[in-house]
Amino acid sequence: MKLKKENLSNFAFIILLALLLFTPVGFHVRVFVSRIFSFSPSALDQEDQLALLNFNWTLSNSSGEALDFKDLKGKVVLVNYWATWCPPCVAEMPGLQDLYNDYRGKVDFVFVAHDEGEKVRNFMGKKEYSFPVYFEKSSSPDVLSTESIPTTFIIDKKGKIVVQKTGAADWNGNATRELLERLLAE
């Protein structure tokens, strides 16, 4: 039986599709595409900014040390929900690490992993990331609750959610840095 050109191209397309969907090659392609199409998020309009009234939230790091979110009240905070298996999450991590390197000690970073502790530790070590990762021990405040990852919030000193972005973004862009500088100066 002779293969026709049409059948051969269909077969090649199916093989390519299977590679993209079911192998690690596809994961890396999705990460790459997410990086290409990410941009710096902008602040929400004043009327769309929700106030964080409830700071009751307990998290812990991989060593089991607790973080009481109440301790961050009155500070500029970046909260990022992510997982190691999420291509858009992985795509935005280098920019978040760069932002963390420049703003740690000024901005509080809370990276909330939706993953197993061991996988997160391995991922962090392999990628040489040093930002603080936490795991939820209690439910997040309602206005920070999300079913989608990655989702990132930037909260000002008054507890207003100034940025709420779902999907990959370029967090190391000028727009984010200018926003953080403005929020820190307030």
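Strand β6, which spans residues 151–155, is mostly covered, since five of its five residues are buried, where buried means under 20% relative accessible area with a 1.4 Å probe and protein chains only. The model is predicted, so that local features need pLDDT of at least 70 and side-chain atom pairs count only at pLDDT 80 or more, while totals for chains, interfaces and linings use all residues. Residues are numbered from 1 along each chain as its sequence is written, and side-chain values use heavy atoms, with hydrogens and water left out.

Strands here are DSSP runs of E with at least two residues, numbered from the N terminus. In a regular strand the side chains alternate between the two faces of the sheet. In β6, T151, F153 and I155 point one way, T152 and I154 point the other way, and all are buried.

Strand β6 has pairing partners, two strands being paired if DSSP finds at least two bridges between them. With strand β3 (residues 77–82), β6 pairs in the antiparallel sense over five bridges, and L78 stands opposite I154 in β6. With strand β7 (residues 161–166), the pairing of β6 is antiparallel over five bridges, and here I155 faces I161 in β7. The hairpin formed by β6 and β7 has five residues between the strands, and G159 in the turn has a positive phi of about 90 degrees.

The remaining feature is a disulfide, a pair of cysteine sulfur atoms within 2.5 Å. The count by this rule is one disulfide, formed by C86 and C89 with their sulfur atoms 2.5 Å apart. Because the torsion about the S-S bond of C86 and C89 is about 75 degrees, the disulfide is right-handed. C86 is buried at a relative accessible area of 4%, and C89 also counts as buried, at 0% relative accessibility.

Definitions and conventions
Buried < 20%, exposed > 50% of the residue type's maximum accessible area, 1.4 Å probe, protein only. Helix = DSSP H or I, 4+ residues; strand = E, 2+ residues; numbered from the N terminus.
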